[in-house]
Amino acid sequence: MANMVETTSAWNTTGLHVHRKSLLHMSFYWGHKSEILFSGWPGCNSGMYALALILVFALAMVVEWLSYCSIIKPGANKVAAGFFQTAMHTVRAGLSYMVMLAVMSFNGGVFLAAVFGHAIGFLVFGSKAFRKAEKVPDLPPRK
């Protein structure tokens with residue numbers, strides 16, 4: 001555990017200086033004892049860790065879906081379509097940042113869940129393997 005920050009210092013509401021254990025890692029590690037996105041979650045519970053991996057995988061797939069979906073109909077009102085595209089872009093950016101923050105937990109399982117989520121999402125939504133027709137995506141490609 002040499003690569004783990006073991007304690008953090010803080011002042012509590014009564015003005016006393018307290019120390020608490022943290023699961024913040026500074027390099028990749030393998031294990032289910034982690035914190036991903038939220039303080040104390042998933043913690044030490046293997047079932048919650050599996051749920052966290054599924055959530056990261058699903059978030060990455062949704063990012064890919066938003067990148068390649070074609071919802072706006074041709075001939076739609078340009079102003080309404082512009083606002084809808086802006087909303088979709090905002091959601092895609094927010095979800096992308098959530099995936100990035102999850103990967104920044106330095107947990108190897110989370111990293112693999114994010115990579116495979118993006119890969120499977122691209123295979124299903126972006127590649128020619130499952131596309132029925134050449135549709136133009138509503139959003140420009142990510143940079």
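This is a tour of a predicted model, going from the whole chain to single residues.

**Whole chain**

The chain holds 3 helices and 4 strands, and along the sequence they follow the order β-β-β-β-α-α-α. Of the 143 residues, 27% are buried. Among contacts between residues at least 6 apart in sequence, 57% join residues at least 24 apart.

**Helix 1**

Select residues 46-68, which form helix 1. The end C-alpha atoms of helix 1 are 34 Å apart, which agrees with the 33 Å that its 23 residues should span at 1.5 Å a residue.

An unreviewed UniProt entry annotates residues 47-67 as "transmembrane region". In the model this span is 100% helix and 0% strand, with 30 Å between its end C-alpha atoms.

Next, colour the buried residues of helix 1: Tyr49, Ala52, Val56, Leu59, Ala60, Met61, Val63, Glu64, Leu66 and Ser67. What do the buried residues of helix 1 pack against? Their partners are strand 3, strand 4 (42-43), helix 2 and helix 3.

**Ser67**

Stay in helix 1 and pick Ser67. Ser67 counts as buried because its relative accessible area is 5%, below the 20% cut-off. Show its surroundings: beyond neighbours within four places in sequence, Ser67 is in contact with Arg92, Pro137, Leu139 and Arg142.

**Helix 2**

One of those partners, Arg92, is a buried residue of helix 2. Select residues 78-103 to see the whole of helix 2. Helix 2 has 26 residues and reaches 37 Å from first to last C-alpha, close to the 38 Å expected at 1.5 Å a residue. Along with Arg92, its buried residues are Ala81, Met88, Leu95, Val99 and Ala102. The buried residues of helix 2 pack against helix 1 and helix 3.

**Phe106**

Move on to Phe106, in the loop between helix 2 and helix 3. Most residues other than glycine have a negative phi. Phe106 is partly exposed, with a relative accessible area of 30%.

**Helix 1 against helix 3**

Select residues 46-68 and 108-126 together to show helix 1 and helix 3. Where do their axes come in relation to each other? They come within 7 Å and cross at roughly 35°. The crossing of helix 1 past helix 3 is right-handed. Display the side chains at the contact: on helix 1 they include Tyr49, Leu53, Phe57 and Trp65, and on helix 3 they include Val110, Phe116, Ile120 and Phe125. By class, this contact has 16 nonpolar, 5 polar and 1 charged residues. Glu64 of helix 1 is among the residues that make the contact, and Glu64 is also buried.

**Gly31**

Finish at Gly31, in the loop between strand 2 (17-25) and strand 3 (34-35). Is Gly31 buried or partly exposed? Gly31 counts as partly exposed because its relative accessibility is 31%, which lies between the cut-offs of 20% and 50%. Leaving aside neighbours within four places in sequence, Gly31 is in contact with Tyr49 and Asn107.

Note on methods:
Residues numbered from 1 in each chain as written. Predicted model: local features only at pLDDT ≥ 70, side-chain atom pairs only at ≥ 80, totals over all residues. Heavy atoms only, no water. Helix = DSSP H or I, 4+ residues; strand = E, 2+ residues; numbered from the N terminus. Buried < 20%, exposed > 50% of the residue type's maximum accessible area, 1.4 Å probe, protein only. Contact = heavy atoms within 4.5 Å. Axes fitted to C-alpha atoms, helices over the stretch in contact; angles between N-to-C directions. Left-handed = near helix turned anticlockwise from the far one by under 90°. Nonpolar A, V, L, I, M, F, W, Y, C, P; charged D, E, K, R; others polar. UniProt positions renumbered as here; feature names shortened; annotations may be inferred. Expected span 1.5 Å × (residues − 1).
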